[in-house]
Amino acid sequence: MTTHVIGAGLAGLAAALAVRGPVVVHEAAVVAGGRARALPDGTDNGTHALLGANRVALDFLRDVGALEHWVEPEPEGLPVLDLADGRARRMALSPLGWLRAAKRPDGLTARALAALMRLAGPGDRAVGPALAEHPAFLRGFVEPLVIAALNTPVAEASSRRLAAVLRRVGTPGAARLLVARRGLGPDLVEPALAALRSRGGTVRHNARLRALRIEHHRLTALDFGDELVVLGEGDRVILALPPWEAARLVPGLRVPAEHAPILNLHFTHAAPGPVRFLGVLGGLCQWVLVRPGAIAVTVSAADAEAQEATADLAPRAWSEIRALARAFALPGEWPEAPPPCRAIKERRATPRHRPGDPPPPPILALPNLALAGDWMEPVLPATIDAAIRAGRRAARALG
Ligand SMILES: Cc1cc2nc3c(=O)[nH]c(=O)nc-3n(C[C@H](O)[C@H](O)[C@H](O)COP(=O)(O)OP(=O)(O)OC[C@H]3O[C@@H](n4cnc5c(N)ncnc54)[C@H](O)[C@@H]3O)c2cc1C
């Protein structure tokens, strides 16, 4: 009884690690990791952060022996530079941290907080208009959080998904922000692959599933173009694919149709000192990850920015990074001229999370076919945590 997992993103790897018995992962690309992968030169496709609230993702890291590689760069609160007035401060992400006035976001009043709490009530509406009466709080806290967590512009983002995030960051330790110390390759994907191999699983690369053969309401074969894998009586399949691929393969499947891009700018720059993670308000950069040999800028919900040329983006981002370096006394040299920069534009980074999105389809598409992927999460936004939850759920659903 073999389980075939299609897709070696995090949903697929989590599913493969959760099933009992022989497992084969079929992956279209030459590398595993999907939307959270290392590029051939070792650079991450984009900065990935986890929160203490992402319990399932942290459990996965622990399971594959990689948890110790994820570090908390800013335990004292997130350093944020507001380019509008040049103020540099540390801000707590969790309401528990707001007990200290210095770490409160701008515009945090009792009325603004009450308006935010109301979003956690029944119904689903766009976050931006619901908080329009609290522009300082919206700009200084809610918008950066929504863009980072939901990858959706605040004007159209779902209050229901935001409320699910807020409920989870309110407990002690849940707002701790973690990043991979070296990168997604050595600190996430490679340990997961090693764990899978050690448990007898295999991964086939360059194996793009072209079509499913379905007979009498059962999946009977997997068509990889150059090879047909005929399924035995007890064989099962987990499709751990992005929504557009799942919809291509499974007739009539309803999936999220609209996605939002994430732009990452990778500067080659030797910055001494520990890993840092800093925020910018009112600029091009949203978050800046400083690792010893490289600096990565994240721009989520980057509808406009993803259309711009790297030659235009790099000098703007670099001048903001220099301002951050001055404001927070980052060690090292920060010359005026931007160092070499490479832009990675993930055009379909995640689904757009809007109010009233239809719920995901049932996990079992057929008795021997389960669906996984970050988009299968009914409550939380599409993230690593959601992908791993979905992968594990699909494995459980097949028994
Ligand atoms: C730039 C960027 C930054 C992000 N930042 C964060 C963050 O900070 N924190 C966070 O938690 N999440 C973040 N995310 C989201 C996170 O990366 C995704 O939610 C998660 O990786 C999705 O995993 P998945 O397994 O569901 O899908 P995918 O990663 O898309 O995996 C699907 C896999 O299936 C393969 N495949 C596709 N078609 C076929 C086929 N026909 N046959 C075989 N294989 C196929 C693909 O090659 C891929 O490997 C970010 C995403 C991006 C792009």
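Helix α10 is mostly covered, with 11 of its 14 residues buried. That is how things look in a predicted model, which is what the whole description below rests on. The buried set runs through I384, D385, A386, A387, I388, R389, A390, G391 and R392, and then picks up A394 and A395. End to end, α10 reaches 20 Å from its first C-alpha to its last, close to the 20 Å expected for 14 residues at 1.5 Å a residue. After the helix comes G399, with a positive phi near 85°.

Part of the surroundings of α10 is helix α2. Two packed helices are described by the angle between their axes and the distance between the axes. Here the axes of α2 (residues 55–63) and α10 (residues 384–397) come within 7 Å and cross at roughly 75°. With 65 to 115 degrees counted as roughly perpendicular, α2 and α10 are therefore roughly perpendicular to each other. On the α2 side, the contact is made by R55, V56, A57, D59 and F60, while α10 brings I384, D385, I388, R389 and R392. Sorted by class, that contact of α2 with α10 has 5 nonpolar and 5 charged residues, and no polar ones. The spacing within a helix has a simple background: an α-helix has 3.6 residues a turn, so residues three or four places apart point the same way. The α10 residues in the contact, I384, D385, I388, R389 and R392, are also listed among the buried residues of that helix.

Over to the strands, where β15 (residues 287–291) is mostly covered too: 5 of its 5 residues are buried. In a regular strand the side chains alternate between the two faces of the sheet. In β15, W287, L289 and R291 point one way and V288 and V290 the other way, and all are buried.

Strand β15 has a partner in β14 (residues 276–281), and 4 bridges join the two, which run antiparallel. In this pairing G279 stands opposite W287 of β15. The hairpin of β14 and β15 has 5 residues between the strands, and G282 takes a positive phi near 80° there. Strand β15 is also joined to β16 (residues 294–299), by 5 bridges, and these strands run antiparallel as well. R291 has A294 of β16 as its bridge partner. β15 and β16 make a hairpin with 2 residues between them.

Elsewhere in the chain, 3 strands form an open sheet, in the order β9-β10-β11, with antiparallel pairing. Strands β9 (211–215) and β11 (228–230) sit at the edges, each pairing on one side only. The twist averages 30° from one strand to the next. Between β10 (residues 218–223) and β11, the antiparallel pairing extends over 3 bridges, and the bridge partner of L222 is V229 in β11.

With buried meaning under 20% and exposed over 50%, S319 counts as partly exposed because its relative accessibility is 44%. S319 and W334 are 15 residues apart in sequence, and their C-alpha atoms lie 9.6 Å apart in space.

Technical notes
Residues are numbered from 1 along each chain as its sequence is written. This is a predicted model: local features need pLDDT of at least 70, side-chain atom pairs count only at pLDDT 80 or more; totals for chains, interfaces and linings use all residues. Side-chain values use heavy atoms; hydrogens and water are left out. Axes are lines fitted to C-alpha atoms, for helices over the stretch in contact, and angles run from 0 to 180 degrees between N-to-C directions. Angles under 35 degrees count as roughly parallel, over 145 as roughly antiparallel, 65 to 115 as roughly perpendicular and the rest as oblique. Contact means heavy atoms within 4.5 Å. Ala, Val, Leu, Ile, Met, Phe, Trp, Tyr, Cys and Pro count as nonpolar, Asp, Glu, Lys and Arg as charged, and the others, Gly among them, as polar. The expected span of a helix is 1.5 Å times one less than its number of residues. Buried means under 20% relative accessible area, exposed over 50%, partly exposed in between (1.4 Å probe, protein chains only). Two strands pair if DSSP finds at least two bridges between them.
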